[in-house]
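Work through these exercises with the model open. Try each task before reading its solution.

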Amino acid sequence: MNDLQQLKDFFSKGYLDYRPNLTVDCAIFGYHNGELQLLLVKNKIVTMWCLPGGYVRNDESLDQAATRVTAERTGIGNLFLRQFKTFGDPGRNDPRGAVDAQKLFEIAQVRVDEPNWFSGETASVGYYAITDIINAKPTADFLSTGCQWFSINNLPKLGFDHDEMVPEALLTMRMQLYHFPIGKNLLQQKFTLKEIKHFYEVMSGKQLNASNFPNKLISLGLIVKLDEKRNIGAHRSPTYYKFDEETYENALREGLVLA
């Protein structure tokens with residue numbers, strides 16, 4: 001939302017454009033400097049950090065809604081996206097200390113205890129996304145007070161039931177990590193076997209065999225050897241590799257088994 005009028009219109013007549021009681025929440029993971037990070041947002045009304053999300057428009061699918069949310073928050077379209085779980089337990093809309101009721105009234109003249117189109121139980125479809133932190137531009141809209149990366153090992157307490165969402169998203173991402181080659185946009189264009197092994201260890205949270213795992217990537221044709229080495233001193237010149245574009249795109253569409 002870009003201004004106060006858009007915000008007021010959303011609260012007063014958002015039911016004309018959005019589906020009541022249906023939202024998406026997106027766990028956007030990024031990899032940078034050997035660390036797994038998560039993008040979180042906070043705003044003037046929902047004062048605790050949360051996953052980026054929002055209501056689903058009447059004219060879009062769930063996937064399109066998640067694509068819109070992730071693009072708005074990262075500045076990057078067509079991220080790798082997968083659903084991980086739908087959350088609909090009774091009481092999940094309880095603000096749990098996350099909503100500043102007075103600020104909501106000051107901004108939009110809406111009271112949390114009054115009937116409105118967005119009150120009642122809401123089901124949220126969870127998505128996880130993978131993005132490149134270097135090229136991503138965390139974007140705060142008119143209502144936001146923060147949009148930034150946090151280490152997955154040092155997250156703040158999250159609002160609503162998002163503390164329950166993050167472990168589910170992380171678990172699903174790590175299970176699917178061995179079926180979809182998600183590393184192409186998170187690593188440099190060329191990399192060493194040690195670098196790609198370390199990437200998968202950080203993303204999976206597991207130690208991998210120093211030779212078996214890289215050899216598996218090579219045997220699948222997912223990465224190919226370059227006639228180029230990194231010069232880091234005598235007897236220490238590891239060979240560069242890169243992702244094979246055609247094999248990579250096929251693997252994204254059809255899946256594969258890396259484990």
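**Exercise 1. Describe how helices α1 and α3 pack in this predicted model.**

Solution. Start with the axes. Helix α1 covers residues 4-13 and helix α3 covers residues 101-108. Their axes come within 9 Å and cross at roughly 110°. Next, classify the angle. Angles of 65 to 115 degrees count as roughly perpendicular. The two helices, α1 and α3, are therefore roughly perpendicular to each other. Now find the contact residues. From α1 come Leu4, Leu7, Lys8 and Phe11. From α3 come Leu104, Ile107 and Ala108. Last, sort them by class. Six are nonpolar, one is charged and none is polar.

**Exercise 2. Characterise the largest pocket: volume, lining and contributing elements.**

Solution. Take the volume: about 1,600 Å³. Then count the lining, which has 48 residues. Nearest the centre of this pocket lie Phe10, Asn43, Gly53, Gly54 and Tyr55. At least two residues each come from α1, β1 (18-32), β2 (35-43), β3 (53-57) and α2 (62-74). Helix α1 gives the most, with six residues. Finish with the classes: 22 nonpolar, 15 polar and 11 charged residues.

**Exercise 3. Do the second largest pocket in the steps of volume, centre, elements and classes.**

Solution. The second largest pocket holds about 300 Å³ of space. Its lining has 15 residues, and the closest to the centre are Tyr31, Ile134, Leu186, Leu187 and Gln188. The elements giving two or more lining residues are β1 and α5 (193-204). By class, this lining has five nonpolar, seven polar and three charged residues.

Note on methods. Residues are numbered from 1 along each chain as its sequence is written. This is a predicted model: local features need pLDDT of at least 70, side-chain atom pairs count only at pLDDT 80 or more; totals for chains, interfaces and linings use all residues. Side-chain values use heavy atoms; hydrogens and water are left out. Axes are lines fitted to C-alpha atoms, for helices over the stretch in contact, and angles run from 0 to 180 degrees between N-to-C directions. Helices (H or I, at least four residues) and strands (E, at least two) are DSSP runs, numbered from the N terminus. Angles under 35 degrees count as roughly parallel, over 145 as roughly antiparallel, 65 to 115 as roughly perpendicular and the rest as oblique. Contact means heavy atoms within 4.5 Å. Ala, Val, Leu, Ile, Met, Phe, Trp, Tyr, Cys and Pro count as nonpolar, Asp, Glu, Lys and Arg as charged, and the others, Gly among them, as polar. On a 1 Å grid over the protein atoms alone, a cavity is a set of points where a 1.4 Å probe fits but cannot get out, and a pocket is an open set with protein on both sides within 12 Å along at least five of seven lines; lining residues have an atom within 4 Å of a point. Grid points are joined across faces, edges and corners, and a volume is the space filled by probe spheres set on the points.
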